[in-house]
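I opened this structure to note how its chain is built up and where it meets its partner. My entries follow in the order in which I looked things up.

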Amino acid sequence: MTRKILLLAAGAAIALTTGLALTSPARAQSGAVAQAIASGTVGEQSDGYLGVAGSVSADIRAEVESINIKRRAAYTDLAGKRGVTVADVAAATGCQTLANRVKSGQAYRIGTGAWQTKGAGAIALPSYCATAG
Amino acid sequence: MNRISIIALGLTGLSLAGCIQVRAPDKPIEINLNVKVQQEVVVRLQRDAQDLIQNNPELFPQ
(Lines give C-alpha, C1' and ligand atoms only; values in the text may rest on other atoms or scores of the structure.)
Protein backbone atom coordinates (compact mmCIF):
# COMPACT_ATOMS: atom_id res chain seq x y z
CA MET A 1 0.00 0.00 0.00
CA THR A 2 2.66 2.49 1.05
CA ARG A 3 4.78 1.26 -1.84
CA LYS A 4 1.99 2.10 -4.27
CA ILE A 5 1.66 5.61 -2.85
CA LEU A 6 5.41 6.11 -3.05
CA LEU A 7 5.43 5.00 -6.70
CA LEU A 8 2.56 7.33 -7.49
CA ALA A 9 4.29 10.22 -5.77
CA ALA A 10 7.53 9.53 -7.63
CA GLY A 11 5.67 9.32 -10.91
CA ALA A 12 3.90 12.58 -10.25
CA ALA A 13 7.19 14.25 -9.31
CA ILE A 14 8.86 13.05 -12.51
CA ALA A 15 5.92 14.16 -14.64
CA LEU A 16 5.91 17.56 -12.97
CA THR A 17 9.63 18.21 -13.40
CA THR A 18 9.80 17.02 -17.02
CA GLY A 19 6.67 18.98 -17.80
CA LEU A 20 8.21 22.12 -16.33
CA ALA A 21 11.51 21.51 -18.09
CA LEU A 22 9.75 21.16 -21.44
CA THR A 23 7.38 24.09 -21.21
CA SER A 24 9.07 26.85 -19.26
CA PRO A 25 12.00 27.78 -21.58
CA ALA A 26 9.77 27.72 -24.67
CA ARG A 27 7.28 29.98 -22.94
CA ALA A 28 9.94 32.42 -21.86
CA GLN A 29 11.35 32.62 -25.39
CA SER A 30 8.08 33.14 -27.22
CA GLY A 31 7.27 35.77 -24.61
CA ALA A 32 10.54 37.49 -25.46
CA VAL A 33 9.64 37.46 -29.17
CA ALA A 34 6.19 38.83 -28.35
CA GLN A 35 7.90 41.64 -26.41
CA ALA A 36 10.24 42.31 -29.35
CA ILE A 37 7.20 42.49 -31.66
CA ALA A 38 5.47 44.88 -29.26
CA SER A 39 8.57 47.11 -29.20
CA GLY A 40 8.98 47.03 -33.00
CA THR A 41 12.36 45.25 -33.20
CA VAL A 42 10.77 42.11 -34.66
CA GLY A 43 7.96 42.31 -37.19
CA GLU A 44 5.77 40.49 -39.68
CA GLN A 45 6.69 40.40 -43.37
CA SER A 46 4.39 40.12 -46.38
CA ASP A 47 6.17 36.88 -47.30
CA GLY A 48 4.54 35.20 -44.29
CA TYR A 49 7.59 35.08 -42.04
CA LEU A 50 8.88 37.04 -39.07
CA GLY A 51 11.85 39.35 -39.59
CA VAL A 52 14.27 41.27 -37.43
CA ALA A 53 13.69 44.99 -37.86
CA GLY A 54 16.00 46.40 -35.18
CA SER A 55 18.75 45.30 -32.87
CA VAL A 56 17.83 42.19 -30.89
CA SER A 57 19.69 39.66 -28.75
CA ALA A 58 21.08 36.47 -30.26
CA ASP A 59 18.45 34.53 -28.29
CA ILE A 60 15.58 36.43 -29.88
CA ARG A 61 17.13 36.13 -33.33
CA ALA A 62 17.43 32.35 -32.83
CA GLU A 63 13.83 32.11 -31.65
CA VAL A 64 12.62 34.10 -34.70
CA GLU A 65 14.47 31.64 -36.93
CA SER A 66 12.98 28.71 -35.04
CA ILE A 67 9.45 30.11 -35.43
CA ASN A 68 10.05 30.67 -39.15
CA ILE A 69 11.19 27.07 -39.61
CA LYS A 70 8.00 25.87 -37.90
CA ARG A 71 5.90 28.25 -40.00
CA ARG A 72 7.53 26.91 -43.15
CA ALA A 73 6.63 23.36 -42.08
CA ALA A 74 3.00 24.40 -41.51
CA TYR A 75 2.89 26.22 -44.88
CA THR A 76 4.39 23.20 -46.64
CA ASP A 77 1.78 20.94 -45.07
CA LEU A 78 -1.12 23.15 -46.17
CA ALA A 79 0.36 23.69 -49.65
CA GLY A 80 0.46 19.92 -50.12
CA LYS A 81 -3.21 19.62 -49.11
CA ARG A 82 -4.33 22.40 -51.46
CA GLY A 83 -2.03 21.65 -54.39
CA VAL A 84 -0.42 25.09 -54.38
CA THR A 85 3.12 26.31 -53.76
CA VAL A 86 4.57 26.95 -50.30
CA ALA A 87 5.16 30.57 -51.37
CA ASP A 88 1.45 31.00 -52.16
CA VAL A 89 0.40 29.77 -48.70
CA ALA A 90 3.09 31.92 -47.09
CA ALA A 91 1.96 35.00 -49.06
CA ALA A 92 -1.70 34.41 -48.14
CA THR A 93 -0.70 34.15 -44.48
CA GLY A 94 1.35 37.34 -44.86
CA CYS A 95 -1.79 39.14 -46.09
CA GLN A 96 -3.59 37.98 -42.94
CA THR A 97 -0.86 38.91 -40.47
CA LEU A 98 -0.43 42.38 -42.02
CA ALA A 99 -4.19 42.98 -42.23
CA ASN A 100 -5.23 41.62 -38.84
CA ARG A 101 -2.35 41.10 -36.45
CA VAL A 102 0.17 43.93 -36.75
CA LYS A 103 -0.85 46.69 -34.32
CA SER A 104 -0.09 50.38 -34.63
CA GLY A 105 3.44 51.18 -33.53
CA GLN A 106 4.68 47.74 -34.59
CA ALA A 107 7.08 47.01 -37.45
CA TYR A 108 6.19 45.35 -40.77
CA ARG A 109 7.78 44.92 -44.15
CA ILE A 110 6.31 44.45 -47.62
CA GLY A 111 8.43 42.46 -50.06
CA THR A 112 12.06 43.48 -49.88
CA GLY A 113 11.16 47.06 -48.98
CA ALA A 114 12.26 48.98 -45.92
CA TRP A 115 10.81 48.24 -42.49
CA GLN A 116 7.87 50.48 -41.69
CA THR A 117 5.94 51.26 -38.55
CA LYS A 118 2.20 50.81 -38.65
CA GLY A 119 0.32 54.04 -38.10
CA ALA A 120 -3.29 54.56 -37.06
CA GLY A 121 -4.77 53.34 -40.38
CA ALA A 122 -4.68 49.98 -42.09
CA ILE A 123 -1.51 48.81 -43.85
CA ALA A 124 -1.56 49.24 -47.64
CA LEU A 125 -1.43 45.57 -48.61
CA PRO A 126 0.14 44.15 -51.78
CA SER A 127 -2.42 43.98 -54.64
CA TYR A 128 -2.49 40.15 -54.62
CA CYS A 129 -4.01 40.20 -51.11
CA ALA A 130 -7.18 41.65 -52.68
CA THR A 131 -10.04 40.79 -50.32
CA ALA A 132 -7.93 39.83 -47.31
CA GLY A 133 -9.85 40.90 -44.27
CA MET B 1 13.41 71.17 -116.35
CA ASN B 2 16.22 69.32 -114.71
CA ARG B 3 15.61 71.15 -111.50
CA ILE B 4 11.91 70.31 -111.53
CA SER B 5 12.59 66.60 -111.98
CA ILE B 6 15.04 66.67 -109.09
CA ILE B 7 12.42 68.30 -106.87
CA ALA B 8 9.83 65.79 -108.06
CA LEU B 9 12.16 62.94 -107.25
CA GLY B 10 12.73 64.42 -103.81
CA LEU B 11 9.01 64.71 -103.20
CA THR B 12 8.36 61.09 -104.17
CA GLY B 13 11.16 60.09 -101.82
CA LEU B 14 9.55 62.06 -99.01
CA SER B 15 6.10 60.66 -99.64
CA LEU B 16 7.48 57.10 -99.64
CA ALA B 17 9.28 57.71 -96.37
CA GLY B 18 6.00 58.97 -94.90
CA CYS B 19 4.23 55.67 -95.51
CA ILE B 20 3.32 53.69 -92.40
CA GLN B 21 4.32 50.10 -92.83
CA VAL B 22 2.41 47.46 -90.94
CA ARG B 23 4.11 44.10 -90.67
CA ALA B 24 3.09 41.06 -88.69
CA PRO B 25 5.55 40.35 -85.85
CA ASP B 26 7.90 37.41 -86.35
CA LYS B 27 7.40 36.12 -82.83
CA PRO B 28 4.04 35.17 -81.33
CA ILE B 29 2.56 37.75 -78.97
CA GLU B 30 2.87 36.59 -75.35
CA ILE B 31 0.59 37.76 -72.58
CA ASN B 32 1.81 37.04 -69.09
CA LEU B 33 -1.01 35.85 -66.81
CA ASN B 34 1.15 34.72 -63.91
CA VAL B 35 0.26 37.69 -61.70
CA LYS B 36 -3.49 37.11 -62.12
CA VAL B 37 -3.18 33.42 -61.39
CA GLN B 38 -1.17 34.05 -58.24
CA GLN B 39 -3.74 36.59 -57.05
CA GLU B 40 -6.57 34.07 -57.43
CA VAL B 41 -4.64 31.40 -55.56
CA VAL B 42 -3.79 33.75 -52.69
CA VAL B 43 -7.39 34.97 -52.39
CA ARG B 44 -8.65 31.37 -52.26
CA LEU B 45 -6.15 30.61 -49.50
CA GLN B 46 -7.16 33.47 -47.18
CA ARG B 47 -9.59 31.36 -45.18
CA ASP B 48 -7.00 28.57 -44.82
CA ALA B 49 -4.40 31.11 -43.73
CA GLN B 50 -6.76 32.46 -41.04
CA ASP B 51 -7.30 28.94 -39.70
CA LEU B 52 -3.58 28.20 -39.78
CA ILE B 53 -2.86 31.28 -37.66
CA GLN B 54 -5.62 30.48 -35.16
CA ASN B 55 -4.62 26.83 -34.84
CA ASN B 56 -0.91 27.57 -34.29
CA PRO B 57 -0.82 30.50 -31.83
CA GLU B 58 2.73 29.62 -30.76
CA LEU B 59 3.93 30.32 -34.33
CA PHE B 60 2.22 33.72 -34.40
CA PRO B 61 3.18 35.56 -31.20
CA GLN B 62 1.66 38.96 -30.71
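I began with the order of elements in chain A, which from the N terminus on reads α-β-β-α-α-β-β, giving 3 helices and 4 strands; helices (H or I, at least four residues) and strands (E, at least two) are DSSP runs, numbered from the N terminus. I kept in mind that this is a predicted model, in which local features need pLDDT of at least 70, side-chain atom pairs count only at pLDDT 80 or more, and totals for chains, interfaces and linings use all residues. Residues are numbered from 1 along each chain as its sequence is written, while chains are lettered from A and ligands numbered from 1 in the order in which they are written.

Next I looked at the sheet of chain A, which is open and mixed, with its 4 strands in the order β2-β1-β3-β4; two strands pair if DSSP finds at least two bridges between them. I noted that β2 (50–52) and β4 (116–117) of chain A stand at the edges with a single partner strand each, so one side of each has no neighbour in the sheet. Strand β1 (residues 42–45) of chain A pairs with β3 (residues 107–109) of chain A in the parallel sense over 2 bridges, and E44(A) has Y108(A) as its bridge partner in β3(A).

I then turned to the contact with chain B, which takes 25 residues from chain A and 18 residues from chain B, where contact means C-beta atoms, placed from the backbone, within 7 Å. On the side of chain A that touches chain B, α3(A) gives the most, with 9 residues.

Notes. Contact = placed C-beta atoms within 7 Å.
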